[in-house]
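Subject: Structure for your files

Hello,

Here is the structure I said I would pass on. My notes on it follow below.

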Amino acid sequence: MAVSLLDLPKQNEPYFEQMRKAFDDFLVSGQYVMGSKVTGFEEEFAAYIGVSDAIAVSSGTDALLLALMALEIGPGDEVICPSFTFFATAGVVHRVGATPVFADIEADSFNIDPDDISTKITEKTKAIIPVHLFGQCADMTRIHTIAEAHKLHVIEDSAQAIGSKHHGKVAGAIGSFGSFSFYPTKNLSAFGDAGLLSTNDPELAKFARILRIHGGERRYYHSYVGGNFRFDPIQGALLSLKLPGIDCFNEKRHMNAQAYWKHLSTHVDIALAGTDEASEARIILPSIESENNHTWHQFTIRVKGEGTRDALSSHLQSKQIGHGVYYPLGLHQQECFQSHIDDRSKSLPVTEKTCEEVLSIPIHPELDKTDLQEVCDAILSFLDQ
Ligand SMILES: *Cc1c(COP(=O)(O)O)cnc(C)c1O
């Protein structure tokens, strides 16, 4: 039986009845953009992560873009971010006219390396965008210390980390801004594109709300140049139904991760990241840093040995086990950035190695025992063939 990387209809099924009612209400409401279903969802989300303000926007990418615009980051400025991330993290930096400066990652957590951030700061640096990759927070303690010392803003790219925590602090509630995505593959998934910007600074929130709709506080009077980052009330209504279940969904993901640890680590060639055995292992399973919880947006393993990751990918393909490579190429290696980055961003050895080794296997909450067993059997049969 095939195991898919994602099963959205199954995830939404328990909500179908309430969702149909929300659709019906939406149809007859006449309010097809913004409005009370948007502000209602913003309030619920702000309460969930514990911030003063949540600003619902058109996508996770636009949330990041709006954060940079609200911090007035632009030409001549530099922003430090990881290269091992989804394109949007650095794409928005370029779009506001600033320069992305790429830092390397830590091998065990896949997250930005604070030591490497420190070496890349100049007079021009204005902000750091740590990404809480795959559902685990970056080292916000050290990043905060660095940012304080150099008076830099921190924008937490929390697209993959709704509900994640670092020392009990919630992702998206730690920096100047946090950005979230409700793209259908994310842990809290909408029905199309949707995103959100969070902050604990009411002044920044006010400015971001103005910029969200073309920089005008009063319609047709524009104090600033903003954009169209509006949010649809149907997304707000549907997300309001699913938000109360997010901790439960994340807990199921964690149980799936535990099942993988249990079944896979019995094999001599498989070890957990950060352990002594990992240096000899052929496959390394993701681990959780002691100060974090993990919301498992992805369960990303490392497959050692040249070409071995791709061989495992073909093997899983033949057994109809869904999987993905996040990410096959660092952003510092992308064609579009070649003429825009300097020597500081050109060589990131950990990122480059990681791109050759990573493979993400199904972790979504809808998996059952048989699915998990099938994924494990497929991986074990690859090692023993
Ligand atoms: C998904 C994602 C984004 C962008 O979100 P969209 O809603 O797709 O625009 C940004 N950063 C990271 C790390 C993501 O995973």
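Which residues of β8 are buried on one side, and which on the other? F177, S179 and S181 lie on one side and G178 and F180 on the other, and all of them are buried. Please keep in mind that this is a predicted model.

Strand β8 covers residues 177-181, and since five of the five are buried, it is largely enclosed by the rest of the structure. In a regular strand, side chains alternate between the two faces of the sheet.

On pairing, β8 runs parallel to β5, with three bridges between them; S179 is the bridge partner of D157. With β9 (residues 195-199), β8 pairs in the antiparallel sense over four bridges, and F180 has L196 as its bridge partner there.

Helix α5 (residues 88-95) is mostly covered, with six of its eight residues buried. These are A88, T89, A90, G91, V92 and V93. The elements that cover them include α4 (60-70), β2 (78-82), β3 (99-103) and β5 (153-157). Just after α5, G97 has a positive phi of about 90 degrees.

On the cysteines, the disulfide count is zero, with a cut-off of 2.5 Å between sulfur atoms. For C137, the closest cysteine sulfur is that of C81, and at 17 Å it is too far for a bond. C137 is buried, at 2% relative accessible area, whereas C248 is partly exposed, at 45%.

Regards

Conventions:
Residues numbered from 1 in each chain as written. Predicted model: local features only at pLDDT ≥ 70, side-chain atom pairs only at ≥ 80, totals over all residues. Heavy atoms only, no water. Buried < 20%, exposed > 50% of the residue type's maximum accessible area, 1.4 Å probe, protein only. Helix = DSSP H or I, 4+ residues; strand = E, 2+ residues; numbered from the N terminus. Contact = heavy atoms within 4.5 Å. Pairing = 2+ DSSP bridges.
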